[in-house]
Amino acid sequence: MKQLFASVLVVALLSSFASAQEDLWQIYNSGDRQAALDRGTELLKESPDDRDLHHLVGRALADLGRNEEARPHLEFCIDGDVRDWRYAWSLFYLGGIEVAEGGFEAAREAWLEVRDSQITQHVVRSAATNLR
């Protein structure tokens, strides 16, 4: 009985966390970057190794022009061997930060890597547009 209760509790907690992340993306996509940042930062305290949260917090910070704060969150998503949409979009945003800081060659290299990754059409198209 204890094992069943523990299993149900774990499933409920995971479901609740997934729901919180979906809500967070809805807030971000609504354009309220500050609210997304505030909520994402709260969730990161509970799950400091969550790539989804680091990605969203980094994007929100970059969108708010807080590039210095955004960089470590986005770099968290490109460290390691995982090459997924979080990797591609984080690298894309890091390219934008490089441009803002005058690092045009570093931005070009980031966007070339994103373009050549072929991870998702949207990020590939966005990178290709920035390379023009």
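**Exercise 1.** Does leucine 24 count as buried or exposed, and at what relative accessibility?

*Solution.* Leucine 24 has 1% relative accessibility, so it counts as buried (buried is under 20% relative accessible area, exposed over 50%, partly exposed in between, with a 1.4 Å probe and protein chains only). The model is predicted: local features need pLDDT of at least 70, side-chain atom pairs count only at pLDDT 80 or more, and totals for chains, interfaces and linings use all residues. Residues are numbered from 1 along each chain as its sequence is written, and side-chain values use heavy atoms, with hydrogens and water left out.

**Exercise 2.** Locate leucine 24 and list what is in contact with it.

*Solution.* Leucine 24 lies in helix 1 (residues 2–29); helices are DSSP runs of H or I, at least four residues, numbered from the N terminus. Neighbours within four places in sequence left aside, its contacts are Ala36, Arg39, Gly40, Leu43, Leu53 and Leu56 (contact means heavy atoms within 4.5 Å). For leucine 56, 32 residues apart from leucine 24 along the chain, the C-alpha separation is 8.5 Å.

**Exercise 3.** Sort residues of helix 7 (residues 121–131) into buried and exposed.

*Solution.* Val123, Val124, Ser126 and Ala127 are buried. They sit on the same side of helix 7, because they cover an arc of only 160 degrees around the axis, taken from the directions from the helix axis to the C-beta atoms. Gln121 and Arg125, on the other side of helix 7, are exposed. The cover over the buried residues includes helix 5 (85–100) and helix 6 (104–117).

Technical notes:
Helices (H or I, at least four residues) and strands (E, at least two) are DSSP runs, numbered from the N terminus.
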